[in-house]
Amino acid sequence: MLSRCMSSIGVLLVVLLAPSAGCGQRDPENESDRGQAGEGDQQSESGAHQGGRTIGSGGRAGSGGAGAGVAGSDASGGEPPIPTAPTYAWDLPSDFPTPVVPEDNPLSEAKIELGRHLFYDKRLSLSETQSCASCHEQALAFTDGRVTSLGSTAQAHPRNAMSLANVGYAATLTWANPLLTSLEAQALVPMFGTEPVELGLNGQEQELLSRLRSVSAYAPLFEAAYPEREDPFTLTSVVQALASFQRVLISSNSRYDRHLRGDATALTASEKRGAALFGSERLECFHCHSGFNLQDAVRFEGKPATATPFHNTALYNIDGRGAYPEPNTGVYALTQNARDMGRFRVPTLRNIAVTGPYMHDGSIASLSEVLDHYAAGGRSITEGDYAGDGSKSPLKSPFLVGFEITATEREDVLAFFESLTDTDFLTDPRFANPWP
Amino acid sequence: MFAMSALAASVASGCGDDDASGAPSLGNEAGAAHSAGAAADEMAGGNGGNGAAASAGEGGADAGNAGAGAAGTPITPDVLPITLRFAPRVGGEDFACSSRYSDMGSSSATVRPVDFKFYVHDLRVVAEDGTETLVHLIPSAWQNEGVALLDFEDQSGSCANGTEATNSEIVGTVPFGSYSGIAFKLGVPFDLNHTNADAAEAPLNDTTMYWGWNLGRLFLSVMNEVEEDAGAEGGAGGATAAPFVSVLHLGSTGCQGDAAVGGVSSCAKPNRPEFRLVPFDLGSNVVVADIKAVLEHSDLTRDLCHSFSAEACSWPFDHLGLNWFTGSLTPSTQRFFRVE
């Protein structure tokens, strides 16, 4: 009801999210909708999408409120009630759960749009050389293609930039940080961090806010996003908007998704065999890359995070006791608990073919080599400072058992990885740079 | 003996002479009349501990210091305003962002300051009999909820990435009485430490002291730009790389989170060193904060202590009164603060 109303009164709420326009994604009775969702939408007000999909105001536009009690409903008509408080209507495919939205930062279309402008604005680095998008490019599923990233002062970052696809579902943020559980808290790290310097804004928030005030495009954006704030130009406003934009970066329309939704032609035979191998007890991939987001540590409405799985994938074993090289020691760097050495978060495998190089330090160049690593049950480094046999690490995950794989099977698994690319997501204008 | 001098003219009621006769009314009994004093009771009870368990307890007690109406605490004859003054030093020299300091650390480096700031909380006055009474901090841009920020960089010279404003004192009130010393902790109490900087009240909103990835605050930031050897400067013709900046950042480490709840649930090493300066006369003494002494055994041409590295941190931690390896407090090894 609400989503339809929103559409009909021209509010962008429904336009924003997932291309697949399933109904009642939280309603198990609608599971049978899987496969049909979205295919028939004819509306084109916000631009055509690949595969004939559009987003927007079709009668089957998604339902469901963001935890605010807006129940999904069918497409029956009726006069739209004017909402007294803006409630965000997620438009998610039926097989996707609703992301958690913090109570103190409810989603709104205006906040998301402000966040998009901020995300792509180089004023967010002190030197005005980098924006968030500098290390998180949409075409690369919001990664940067580098082994490890560079900050705005050219200081090297020790980590590989993570994809932001479906980051709103991640139970913890960044590569190995059980403490960072909200996008709001995480946004402060690149902005103000000094270890290393990323955007270099530490101590410069007044400079940032005065820069933003001086841009005429921002006044209406901030005012629309925070109508209740006397002066909306605050650091909290910036942080909340950035978090809101990232929260709606939903990737849900890969060929693999369409396969899951019943499209028998979505995957090739090789890709289907690869999917089966991926889910096999022989390769063991699925234990960590599990569920709808191919990632074990997720949370969403109705499923709070109950644990924060981090795993040592046997990339290093410098001292024979499982040590990883500084400063990339994983969760250990924070907790200093020996059992946390080398433990990192599982990244989603969505769009994995475009997010290389791989691993927390970008130390594996290709997906084929990633397969080699897991097939060997760990990486053996024979010389240099990092020499050691990861497969013998006492700290490695029990799923790093190694496996044999034929050449054909390898091709199949790699083909399956390619099927996880969501071209709609990579080209979606709603997530693109809004600046001229 | 080292009776506290009241600094406000309005408190003229013979505090300077107050000695034995005043003492019995101090401490817990007198404190009960003041909201700040009530918190002091808890604080005194929690002072002994260190380690993980103590840190959680500390936070709760400090929260009690944020009494309603605190800003308007009337100056009455039974409440004394106090001002605790800090003097930033580099060895025997005054700290200034425009200065350069030689013979620093184990490699006798010459440095220019980049940053010098720290948080103080749980400030107490100590009576003759050793009784401690929490100082109620008067809320301002520099102090809130019992936490004060001491900030000595003024954006000049090599401190270019700082802010112009500085603060070298803590202003508060204590129950009327005679006090012969002070005690305080470096850092931010647990309950206030792990909050988001963007929404926090000053001085906890200082982003240069925010430790985002560790979801907490830096308790102490000392950074120095190291000058190259004169001999090494010769050939490059001016197009040299940015100078190395040595870092000493103190904060809680070994923090654990619970993703179901969010945030930080505990920290194995709270790293809040405690200092007890007795005797100390609030009217005439200042607390000298000497970074040269803290860095005496650090190699400033190389050391980056972000609290996590044994190699870079164990010496400066020792000089701050902390055992880096165990996280325990070692007050006798501190060289940071002295009385003048």
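Two strands are said to pair if DSSP finds at least two bridges between them. The views below show a predicted model.

**View 1. Strand 4 of chain B and its pairing with strand 8 and strand 13 of chain B.**
With strand 8 (residues 147-151) of chain B, strand 4 pairs in the antiparallel sense over 5 bridges. Within this pairing, Phe118(B) has Leu150(B) of strand 8 as its bridge partner. Strand 13 (residues 220-226) of chain B also runs antiparallel to strand 4, to which it is joined by 7 bridges. Here Ser221(B) of strand 13 is the residue opposite Lys117(B).

**View 2. Strand 4 of chain B with strand 10 of chain B, and the hairpin with strand 5 of chain B.**
Strand 10 (residues 179-186) of chain B is antiparallel to strand 4 of chain B and is connected to it by 6 bridges.

**View 3. The hairpin of strand 3 and strand 4 of chain B.**
Strand 3 (residues 101-104) of chain B runs antiparallel to strand 4 of chain B, and 2 bridges join them. Tyr101(B) lies opposite Val111(B) of strand 4. Between the two strands are 4 residues, and in the turn Gly105(B) has a positive phi of about 75°.

**View 4. Helix 7 of chain B and its packing partners.**
Helix 7 of chain B covers residues 310-319, and its buried residues include Ala312(B), Trp315(B), Phe317(B) and His319(B). The buried residues of this helix pack against strand 14 (245-250), helix 6 (291-294) and strand 19 (304-305) of chain B. After helix 7 comes Gly321(B), with a positive phi near 85°. In chain B as a whole, which has 7 helices and 20 strands, buried residues make up 50% of the 340 residues.

**View 5. The packing of helix 3 and helix 6 of chain A.**
Helix 3 (residues 109-119) and helix 6 (residues 218-225) of chain A pack at an angle of about 140°, and their axes are 8 Å apart. The crossing of these helices is left-handed. Helix 3 of chain A contributes Ala110(A), Lys111(A), Glu113(A), Leu114(A) and His117(A) to the contact, while helix 6 of chain A contributes Leu221(A), Phe222(A), Ala224(A) and Ala225(A). By class, this contact has 6 nonpolar, 1 polar and 2 charged residues.

**View 6. The contact between chain A and chain B.**
Chain B provides 27 residues and chain A provides 31 residues. On the side of chain B that touches chain A, strand 15 (253-257) and strand 16 (264-269) of chain B each supply at least two residues. The largest share of this side, 5 residues, is from strand 15 of chain B. By class, the side of chain B comprises 11 nonpolar, 15 polar and 1 charged residues.

**View 7. Confidence along chain A.**
The average pLDDT of chain A is 84, and 79% of its residues score at least 70. Residues 1-78 of chain A have a pLDDT below 50, and this stretch has 172 contacts in the model beyond near neighbours in sequence. Where pLDDT is low, the predicted coordinates should not be read in detail.

Notes: Residues are numbered from 1 along each chain as its sequence is written. Chains are lettered from A and ligands numbered from 1 in the order in which they are written. This is a predicted model: local features need pLDDT of at least 70, side-chain atom pairs count only at pLDDT 80 or more; totals for chains, interfaces and linings use all residues. Two residues are in contact if their C-beta atoms, placed from the backbone, lie within 7 Å. Ala, Val, Leu, Ile, Met, Phe, Trp, Tyr, Cys and Pro count as nonpolar, Asp, Glu, Lys and Arg as charged, and the others, Gly among them, as polar. pLDDT is the predictor's confidence in each residue, from 0 to 100. A residue is buried if 20 or more other C-beta atoms lie within 10 Å of its own, exposed if 12 or fewer, and partly exposed in between; C-beta atoms are placed from the backbone. Axes are lines fitted to C-alpha atoms, for helices over the stretch in contact, and angles run from 0 to 180 degrees between N-to-C directions. A crossing is left-handed if the near helix is turned anticlockwise from the far one by less than a right angle, and right-handed if clockwise.
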